[in-house]
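Please view the sequence and the model together with the text.

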Amino acid sequence: MKILVCICPVPDTTTKIAFSDNNTHFNTQGVTFIINPYDEWYALVRALELKEAGTATAVHLVTVGTAAAEPVIRKALALGGDEAIRIDVESNDPYMVAAQIAEYAKTIGYDLVLCGKESIDYNNAAVGGMLAALLDMNYIGFASKIDIAGNTVTVNREIEGGEETDAADLPLVISCQKGVAEARIPNMRGIMAARTKPLKVVPAAAIQPLTTIVSYELPPAKTGVKMIPADNMDELVNLLHTQAKVI
């Protein structure tokens with residue numbers, strides 16, 4: 001069984017966000033990029049566990065981006081991926097990303113495609129479902145546990161007020177969240193091996209994005225804390241109702 005894991009570079013959570021060109025572009029100057037945590041900690045690690053258990057024969061990694069994304073996918077190789085593919089185009093449109101990955105995946109024929117439930121920068125949670133549709137595969141989203149027996153995949157996923165268990169046959173696309181696997185840290189052997197593992201650069205397919213970002217806007221600055229005396233409950237309730245608007 002061959003597994004494809006989708007890897008998305010995202011800004012480090014400690015990065016100070018800034019925009020340029022009249023707030024129409026994200027300013028990457030000085031920004032450190034990391035692997036999207038949902039892709040790394042859950043999708044990739046679960047794929048590696050399946051390979052270590054003998055269920056999978058190969059784990060390939062794919063990212064959509066420019067050469068600036070290569071250090072991020074090299075880190076994913078250091079964790080244990082067999083080879084990586086970079087599709088040479090930059091886009092923030094989830095359809096564009098999904099379609100580029102689908103065009104490549106069709107040429108190989110993967111049995112299982114894993115991705116994180118969403119990226120922590122745009123939070124679209126859209127690529128997994130789109131990718132499944134474009135590959136004509138079944139899709140299960142927001143998996144918290146994945147088990148495979150033969151050709152059947154059993155997935156636990158959180159739903160409103162509880163948990164659901166689904167079963168589907170391969171081939172399959174699954175988006176992963178917390179619970180699927182435990183995070184790993186690359187060791188020195190993996191880091192050294194990643195330098196020589198294949199990283200193929202694939203030209204982008206002729207696909208037009210469906211959306212474009214018109215502008216960005218930072219959230220309003222946090223205001224100071226307003227202290228209310230413990231014996232003035234009426235004032236507290238009034239402020240929660242009229243200002244905070246939480247009751």
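Buried means under 20% relative accessible area, exposed over 50% and partly exposed in between, with a 1.4 Å probe and protein chains only. Helices (H or I, at least four residues) and strands (E, at least two) are DSSP runs numbered from the N terminus.

## Basis of the model

The model is predicted: local features need pLDDT of at least 70, side-chain atom pairs count only at pLDDT 80 or more, and totals for chains, interfaces and linings use all residues. Residues are numbered from 1 along each chain as its sequence is written, and side-chain values use heavy atoms, leaving out hydrogens and water.

## Helix α3

Just after α3, Gly 109 has a positive phi of about 85°.

## Nonpolar cores

A nonpolar core is a set of buried Ala, Val, Leu, Ile, Met, Phe, Trp, Tyr and Cys residues joined through side-chain atoms within 4.5 Å. The largest has 40 residues, and Leu 112 is one of those with the most contacts inside it. Helix α1 gives the most to this core, with eight residues. A second, separate core of 25 residues includes Ile 85, Ile 87, Val 89 and Leu 131.
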